[in-house]
Amino acid sequence: MGAQDTLPVAAAFTETVNAYFKGADPSKCIVKITGEMVLSFPAGITRHFANNPSPAALTFRVINFSRLEHVLPNPQLLCCDNTQNDANTKEFWVNMPNLMTHLKKVSEQKPQATYYNVDMLKYQVSAQGLQSTPLNLAVNWRCEPTSTDLRIDYKYNTDAMTTAVALNNVQFLVPIDGGVTKLQAVLPPAVWNAEQQRILWKIPDISQKSENGGVGSLLARFQLSEGPSKPSPLVVQFTSEGSTLSGCDIELVGAGYRFSLIKKRFAAETTQVGGSLYGHSSCSKLDSHIQGQISQPIVGKTQTSAEMFIYGNVKRQLAALEN
């Protein structure tokens, strides 16, 4: 990199959605979306700064800033003007001496690294309940002394994203108690871990291009030796590339730098909820979907709906289930 080069910088927005659903009432859907913005610098930039100790200030503007709440800029590296009139954009500039010191220290600690990631912003996204969740969900249980019927309905929600992108590696994990002796019927196919008494569905991707526009159901019937089961929380995990839930973007202000890449992604993870809430709802659709899979139709018995299900980080649970 020469003194007159335009220096490449990459930016990445990464957001995480945690959602708690209670029944079918959208007003009771609690959503929290957090995010961070990271700048990435090539390793060669440290040599450039060593030869040019007074580089141009790195200044950038965050677009759709009004969608953000509780924004925490890196206090050692970022400065901003709080008197700006446009609420939809926010301009930041980097403390270049502190950045150069930080990058020099990182290069000494990681001499083999080809680039250095630097946290710049952490934030929360203003969420609007159910409409802010990229995957809407509903779960119904029918718990009897000798069997349990489970139905999970899901719906891809384009309104939650600024650009509609696929949800990848979607995983649904549900523990089933009551001494399951046999997975009598399941649709679509799932992984059952008899030791841990958990069922796992994996769907490679869900999008507008999926069957029925991303609307579907997961169905299962379990035979029990120690029933009835107690409905338990459903945990869902997925990732997505190419969009964010905040709609934020970034652009450079001034000369001296260029964006080589702007990456956007979001995921569902890290939620823990204790206990479950129960109510009543109809499982009549479960009968028609699963009846062809079993010898006897499901008849009208006590029907129970687990009103709670969550997006959660279940990497350890999923890994254990697959073993």
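The structure is a predicted model, in which local features need pLDDT of at least 70 and side-chain atom pairs count only at pLDDT 80 or more, while totals for chains, interfaces and linings use all residues. Residues are numbered from 1 along each chain as its sequence is written, and side-chain values use heavy atoms, with hydrogens and water left out.

## Strands and their pairing

Strands here are DSSP runs of E with at least two residues, numbered from the N terminus, and two of them pair if DSSP finds at least two bridges between them. An open sheet is formed by four strands, which follow the order β8-β9-β14-β11 with antiparallel pairing. At its edges stand β8 (135-143) and β11 (180-187), and because each has a single partner strand, one side of each is left without a neighbour in the sheet. On average, neighbouring strands of this sheet are turned by 15 degrees against each other, direction ignored, where the axes are lines fitted to C-alpha atoms and angles run from 0 to 180 degrees between N-to-C directions. In general, strands of a sheet pair through backbone hydrogen bonds, either parallel or antiparallel.

| Strand | Partner strand | Bridges | Opposite residues |
|---|---|---|---|
| β9 (residues 147-156) | β14 (residues 215-224) | nine | Thr 148 and Phe 222 |
| β10 | β13 (residues 198-206) | eight | Pro 175 and Arg 198 |
| β10 | β15 | four | Asn 168 and Thr 239 |

## The largest nonpolar core

A nonpolar core is a set of buried Ala, Val, Leu, Ile, Met, Phe, Trp, Tyr and Cys residues joined through side-chain atoms within 4.5 Å; buried means under 20% relative accessible area, exposed over 50%, and partly exposed in between, with a 1.4 Å probe and protein chains only. The largest such core holds 71 residues, of which Leu 39, Leu 135 and Phe 172 touch the most other members. Strand β1 (residues 7-22) contributes the most to this core, namely seven residues. The core lies between domain 1 (7-128 + 241-298) and domain 2 (136-231), because both give residues to it; the domain bounds come from an automatic or database domain assignment.

## Aromatic pairs

Rings of Phe, Tyr and Trp (its six-membered ring) pair if their centres lie within 6.5 Å, and planes under 30 degrees apart count as stacked, over 60 as edge-to-face and the rest as tilted. Four aromatic pairs are present in the structure. One of them is the stacked pair of Phe 60 and Phe 92, with 5.7 Å centre to centre and 25 degrees between the planes. Since Phe 60 lies in strand β3 (residues 59-63) and Phe 92 in strand β6 (residues 89-94), this pair ties together parts that are 32 residues apart in sequence. Phe 60 is buried at 1% relative accessibility, and Phe 92 is buried with a relative accessible area of 1%. The pair of Tyr 154 and Phe 172 is tilted, because the ring centres are 5.7 Å apart and the planes stand at 35 degrees. Tyr 154 lies in strand β9 and Phe 172 in strand β10 (residues 167-175), so parts that are 18 residues apart in sequence are tied together; both Tyr 154 and Phe 172 are buried.

## Glu 241

Glu 241 belongs to strand β15 (residues 234-241) and, at 43% relative accessibility, counts as partly exposed. Apart from neighbours within four places in sequence, Glu 241 has contacts (heavy atoms within 4.5 Å) with Val 165, Asn 168, Lys 263, Lys 264 and Arg 265. Glu 241 and Arg 265 are 24 residues apart along the chain, and their C-alpha atoms are separated by 4.4 Å.
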